[in-house]
Amino acid sequence: MSVKETAKYLNMSVPWVYREAVRAGLVPYRFGSGRNAKLQFKVAEVQAWVKQQRLSGG
């Protein structure tokens, strides 16, 4: 899923996904290099992360 799709799914902003996702524990997959690199997230991993947040109360 793209950064925009991930942001929409999480009800967060696109800048939040770029800035905080890794810190929050989401694992991005980078395609390309440098400033033109495209980040993608696995749907199952994002869903598992959301479920974990609900369970931990965070």
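Biologist: In what order do the elements of the protein run from the N terminus on?

Modeller: This is a predicted model, and that should be kept in mind throughout. The protein holds three helices and two strands. Read from the N terminus on, these elements follow the order α-α-β-β-α.

Biologist: What radius of gyration does the protein have, and what would a compact globule with 58 residues have?

Modeller: Along its principal axes, the C-alpha trace spans about 35 × 20 × 20 Å. For 58 residues, the expectation for a compact globule is a radius of gyration near 10 Å, and the protein agrees with this, having 11 Å.

Biologist: Which residues have the most contacts inside the largest nonpolar core?

Modeller: In soluble globular proteins, nonpolar side chains tend to be buried together. Here the largest nonpolar core has 13 residues, and those with the most contacts inside it are Leu10, Val17, Leu26, Phe41, Val46 and Trp49. To this core at least two residues each are supplied by helix 1 (3-10), helix 2 (14-24) and helix 3 (43-56). Phenylalanine 41, one of the residues with the most contacts inside the core, touches, beyond its neighbours within four places in sequence, Met1, Val3, Thr6, Val17, Ala21, Leu26, Val27, Pro28 and Val46.

Biologist: Why do the buried residues of helix 1 line one face of the helix, and which exposed residues does the face turned away from the buried side carry?

Modeller: The buried residues of helix 1 are Val3, Thr6, Ala7 and Leu10. Seen down the helix axis, these buried residues fall within an arc of 100 degrees, so they line one face of helix 1. The face turned away from that buried side carries the exposed residues Lys4 and Lys8.

Biologist: Which residue follows helix 1, and what is its phi?

Modeller: Helix 1 is followed by asparagine 11. The phi of asparagine 11 is positive, near 60 degrees.

Biologist: Which residues are linked in a network of salt bridges?

Modeller: The structure holds two salt bridges: arginine 19 pairs with glutamate 20, their closest N and O atoms being 3.4 Å apart, and glutamate 20 also meets arginine 23 at 3.7 Å, N to O. Glutamate 20 and arginine 23 both lie in helix 2, three residues apart, about one turn of the helix. Arginine 19 counts as partly exposed at 47% relative accessibility, whereas arginine 23 is exposed, with a relative accessible area of 64%. The residues linked in this network are Arg19, Glu20 and Arg23.

Technical notes
Residues are numbered from 1 along each chain as its sequence is written. This is a predicted model: local features need pLDDT of at least 70, side-chain atom pairs count only at pLDDT 80 or more; totals for chains, interfaces and linings use all residues. Side-chain values use heavy atoms; hydrogens and water are left out. A nonpolar core is a set of buried Ala, Val, Leu, Ile, Met, Phe, Trp, Tyr and Cys residues joined through side-chain atoms within 4.5 Å. Buried means under 20% relative accessible area, exposed over 50%, partly exposed in between (1.4 Å probe, protein chains only). Helices (H or I, at least four residues) and strands (E, at least two) are DSSP runs, numbered from the N terminus. Contact means heavy atoms within 4.5 Å. The arc is that of the directions from the helix axis to the C-beta atoms. The radius of gyration is taken over C-alpha atoms; the globule rule is 2.2 Å times the number of residues to the power 0.38. A salt bridge is a side-chain nitrogen of Lys or Arg within 4 Å of a carboxyl oxygen of Asp or Glu.
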